[in-house]
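I opened this entry to keep track of what I looked up and in what order.

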Amino acid sequence: MKGENFFSLRGWQLPVTLVTLTFTIILLFAWEENPVVIIARDQFSIFSAVKPREIIGQKDFTLTTTNDSKKVTKSFGDATNYSSISFSPEKEDADSNVTASFENTVCNFAKGRWVADSRRPLYSGYGCKQWLSGMWACRLTQRTDFSFEEYRWQPKNCKFPEFERSEFLKRMQDKTIAFIGDSLGRQQFQSLMCMATGGDESPEIENIGWFYGLVKARGAKRPDGWAYRFPKTNTTILYYWSSTLCDLVPLNITDKASNISLHLDRPPAFMRRFLDRFDVLVLNTGHHWNEGKFEGNRWIMYLNEKPIDTENKNLVDIRNAKNFTVHNVVRWLDSQIPSHPRLRIFFRTISPRHFKNGDWNTGGSCDSTIPLTGGSEVKHGGSKDTVVNSAVQGTRIKILDITALSDLRDEGHISRYSIKKNPPNGSDCLHWCLPGIPDTWNELLAVQV
C-alpha cells in the first residue's frame with residue numbers, strides 16, 4: 001500500500017510541477033522585457049553610478065593653448081547635475097507643445113526665433129531715468145528708428161510666460177539678485193531695474209549700496225556698483241563691476257599710478273565676501289580680455305601670488321588666461337553651493353559685437369536699422385560661447401546662453417547715436433539700446449529662477 005500511494009502521488013505532482021515551471025519562465029521573460037521596469041531600473045542606475053569624487057566635485061579638464069602641441073591640464077571642481085533629469089506625466093502639454101515623458105534633457109531657451117510683438121517694449125525708452133544711463137537710452141538720442149524694440153524671443157518647444165513685474169517680485173520676495181561682470185552686466189542690471197519698476201519713478205525703492213560698500217570714491221566717475229531694495233517684497237537687485245571676474249589688488253596702494261595685480265586663480269573679493277547674501281548670482285566676462293584693456297588698466301596677471309611669466313608661460317596668452325579664469329571661477333562657486341543651498345548661479349555667455357569695416361577705434365560701424373536681416377531663428381542646440389559652455393558642464397552652475405539669439409540683432413546697438421548734440425566720432429557696436437536686447441536676457445533669467 002505504501003508503495004502504491006507513493007507512486008500515485010509522484011505521478012500526480014509531475015504535470016503540476018511542469019506547469020508551474022513553465023509559468024515561472026514566462027513571467028521572468030516578461031519581467032525582463034517590460035519597458036516600465038527597464039525605465040525605472042535605468043533611472044535608478046543614474047544615481048547609483050555616481051562616484052564619491054563626483055559628488056564632492058572633482059574632475060579634470062584640459063585647457064588647450066594657442067599652440068596645438070602644448071596643453072595645460074588643471075584639476076577643477078565639478079558636481080553631478082541632477083537638475084537635468086526631469087520626470088513628468090506622459091501627455092502632451094497644449095500650451096508648450098512639449099511631449100513630456102521620462103526625459104533626460106531640460107528646455108533649451110537659446111533655441112528659438114524672434115517674433116514681432118506690438119506689445120513691446122516692456123517699459124518706455126523715454127522713462128526709467130532713475131535707473132537707466134542716458135548714453136544707453138536710445139529714445140533720447142538722435143536715432144529715429146525704433147523697430148528693434150518690437151520683437152520678443154520665442155524659445156522652441158518651451159513654456160515661456162510673459163514677464164510680469166509684480167509676479168516676478170513676489171517670487172523674489174526676501175531674495176537678493178546680484179549681477180557681477182563688465183559693462184554688459186551693468187546693462188543687464190539696469191534693464192532688470194526698468195523691467196521690475198515698469199520704468200516708473202519709484203521713490204520708495206531704497207538705495208542700499210552703502211551696505212555693500214558701493215559708494216563713489218573721491219575722484220571716481222561712479223561707484224563700483226549699485227544696490228537697490230524693493231521694500232514691499234524685500235527684494236534686492238545689485239550690480240558689481242568686475243570685468244574679468246578676477247581679484248584686483250594694487251601693487252602699491254599709496255601710488256594711484258601703480259600697476260594692479262590681476263589674480264587669475266582668485267575670484268573678486270566682493271563676491272567672496274557677500275556670496276552668502278545672494279540668492280541669484282549672474283556672472284559675465286569677455287570683452288576686457290585683450291591687450292589694450294590690460295595695458296590701459298595696468299593689469300599684471302598673477303597666479304599663485306606670482307606673475308605668470310615665472311609661474312606658467314602658457315597663460316601669458318590672454319585667451320588662455322580667460323579660459324583658465326572662467327573655469328576657475330565656476331569651480332570655486334560650484335564648491336560653495338553645498339554651503340549655500342538656496343543659491344542659484346548663472347553664467348551668462350558673451351554678448352556679440354557687430355563692428356563692420358573696422359573695430360571700435362578704427363572706423364568700425366553698425367548702421368543697420370532693419371531687424372533680422374541675418375535671419376530670425378536659432379536652430380542649432382550648442383552654445384557659441386565654447387569657453388563658458390565647457391566650464392559649466394557637469395557643475396551646478398547654469399548657463400544663460402544669449403550669444404546666438406543676440407547675434408541676430410545687429411540693429412539693436414547704440415551705433416553712432418548719442419545724447420550729446422555733437423556726438424564723438426565712432427560707433428558703439430558693443431552695447432545695446434535700452435529698452436532692447438538685454439531685456440530678453442532678463443526674461444530668460446526670470447523664467448529659470
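I searched the whole structure, which is a predicted model, and found four cavities of 30 Å³ or more. For the largest cavity I noted about 100 Å³ of space. I then listed its lining, which comes to 13 residues; those closest to the centre are Arg120, Glu149, Tyr151, Gly436 and Asp439. I checked which element gives the most to this lining and got α12, with three residues. Sorted by class, the lining of the largest cavity holds seven nonpolar, four charged and two polar residues.

**Disulfides, overview.** I counted four disulfides in the structure. I numbered the bonded cysteines in sequence order and read the pairing as 1-4, 2-5, 3-8, 6-7.

**Cys107 and Cys158.** I found these two cysteines joined, with an S to S distance of 1.6 Å. I placed Cys107 in the loop between β4 (98–103) and β5 (112–116), and Cys158 in the loop between β6 (151–155) and α4 (165–171), so the pair ties together parts 51 residues apart in sequence. Are the two ends buried or exposed? For Cys107 I have a relative accessible area of 30%, which makes this residue partly exposed. Cys158 has 7% relative accessibility and counts as buried.

**Cys128 and Cys194.** I read an S to S distance of 1.9 Å for the disulfide that joins Cys128 to Cys194. I noted Cys128 as buried, at a relative accessible area of 2%. Cys194 is also on my list as buried, at 0% relative accessibility.

**Cys138 and Cys433.** This disulfide has an S to S distance of 2.0 Å. I took its torsion about the S-S bond as about -75 degrees, so the link of Cys138 and Cys433 is left-handed. I traced Cys138 to the loop between β5 and β6 and Cys433 to the loop between β20 (428–432) and α12 (437–446), so the pair ties together parts that are 295 residues apart in sequence. Cys138 is buried, with a relative accessible area of 1%. For Cys433 I have 0%, and this residue is buried.

**Another cysteine.** I also looked up Cys246, which is buried at a relative accessible area of 2%.

**Strand pairing around β5.** Which way do β5 and β6 run? I found the two strands antiparallel, joined by five bridges. Within this pairing, I noted Val115 opposite Arg152 in β6. I then turned to strand β17 (residues 377–378), which pairs with β5 over two bridges in the antiparallel sense. Here Gly112 stands opposite Val378 in β17.

**Cross-references.** I marked two elements that came up more than once. α12 gives the most residues to the lining of the largest cavity, and the loop that holds Cys433 lies between β20 and α12.

Notes: Residues numbered from 1 in each chain as written. Predicted model: local features only at pLDDT ≥ 70, side-chain atom pairs only at ≥ 80, totals over all residues. Heavy atoms only, no water. Disulfide = S-S within 2.5 Å. Helix = DSSP H or I, 4+ residues; strand = E, 2+ residues; numbered from the N terminus. Buried < 20%, exposed > 50% of the residue type's maximum accessible area, 1.4 Å probe, protein only. Pairing = 2+ DSSP bridges. 1 Å grid on protein atoms, 1.4 Å probe; cavity = no way out; pocket = protein on both sides within 12 Å on 5 of 7 lines; lining within 4 Å. Points joined across faces, edges and corners; volume = space filled by probe spheres on them. Nonpolar A, V, L, I, M, F, W, Y, C, P; charged D, E, K, R; others polar.
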